[in-house]
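User: I would like to learn how to read a structure such as this one, feature by feature. Could we go through it together, with the general idea before each case?

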Amino acid sequence: QNLINNFISGFIIMWERPISIGDLIELDGMVGKVEEIGARCTRVRTGENIHLLVPNSSFLEKNITNWTLSDQRIRAHVTVGVVYGSPVREAERLLLQAVDENPKVLKESKPFVLFTDFGDNALIFEVHFWISIRRIIERRLIESDVRFRIDDLFREASIVIAFPQRDVHLNTQRPLELRIVDTKD
């Protein structure tokens with residue numbers, strides 16, 4: 001029954017074309033490029049150069065993301081948190097500068113910054129921008145380059161990227177008792 005299901009699914013895939021050879025797809029957390037669509041299964045090569053044989057019925061029964069179905073342009077983003085008290089408009093300007101300076105970011109679509117939250121430990125920003133990819137690693141490399149540049153620009157402007165921290169408040173209404181303990185005994 002599974003064999004017949006996969007054959008029928010193969011014909012549906014070839015007819016409807018939800019995936020094509022060369023598409024960059026994501027299925028069950030696995031990302032890869034479609035290399036061959038057969039009658040029973042589809043061969044997908046991952047970024048680690050591993051070939052997966054995916055039963056054709058999986059493409060009809062499960063949710064798949066086809067990153068390149070209509071074109072290779074996708075919107076990427078980088079999230080960064082800065083310490084409370086930072087100049088938020090300057091942070092926004094520097095985030096846009098980091099994206100604008102990257103030659104792999106598409107210039108025809110304007111990037112934008114969202115001030116997304118007052119987090120526990122940081123003021124949270126997202127910078128969104130468009131890129132063109134043929135492999136999923138390209139997205140990760142471009143986002144990494146943008147992060148490197150954000151770090152440089154924020155350091156130059158003395159804007160501190162936040163890290164988890166806790167403030168401890170002591171009740172000093174009565175004197176604190178301090179003891180030195182010798183642990184060598």
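User: In which helix is Phe11 found?

Analyst: Bear in mind that this is a predicted model. Phe11 is found in helix H1, which covers residues 2-16.

User: Is Phe11 buried or exposed?

Analyst: A residue counts as exposed when its relative accessible area is over 50%. Phe11, with a relative accessible area of 55%, is therefore exposed, and together with Leu3, Phe7 and Met14 it makes a nonpolar surface patch of about 390 Å².

User: How should I read the strands, and which residues stand opposite Glu26?

Analyst: In a regular strand, side chains alternate between the two faces of the sheet. Here strand S1 (residues 24-27) runs antiparallel to strand S2 (residues 30-37), joined by four bridges, and antiparallel to strand S5 (residues 64-66), joined by three bridges. Glu26 has Val31 as its bridge partner in S2 and stands opposite Thr65 in S5. The hairpin of S1 and S2 has two residues between the strands, and Asp28 takes a positive phi near 55° there.

User: Which residues touch the most other members of the largest nonpolar core?

Analyst: A nonpolar core is a set of buried residues joined through side-chain atoms. The largest has 26 residues, of which Leu95, Phe125, Val127, Phe129, Ile131, Ile150 and Phe154 touch the most other members. Strands S6 (73-82) and S8 (123-132) and helices H3 (88-100) and H4 (136-156) each supply at least two residues of this core. A second, separate core of ten residues includes Ile13, Ile25, Leu27 and Val44.

Key: Residues are numbered from 1 along each chain as its sequence is written. This is a predicted model: local features need pLDDT of at least 70, side-chain atom pairs count only at pLDDT 80 or more; totals for chains, interfaces and linings use all residues. Side-chain values use heavy atoms; hydrogens and water are left out. Patches are made of residues with over 30% relative accessible area and no salt bridge: like charges are joined within 9 Å, nonpolar side chains (Val, Leu, Ile, Met, Phe, Trp, Tyr) within 5 Å. Accessible areas come from the Shrake-Rupley method with a 1.4 Å probe; for residues, only the protein chains shown count as cover. A salt bridge is a side-chain nitrogen of Lys or Arg within 4 Å of a carboxyl oxygen of Asp or Glu. Buried means under 20% relative accessible area, exposed over 50%, partly exposed in between (1.4 Å probe, protein chains only). Two strands pair if DSSP finds at least two bridges between them. A nonpolar core is a set of buried Ala, Val, Leu, Ile, Met, Phe, Trp, Tyr and Cys residues joined through side-chain atoms within 4.5 Å.
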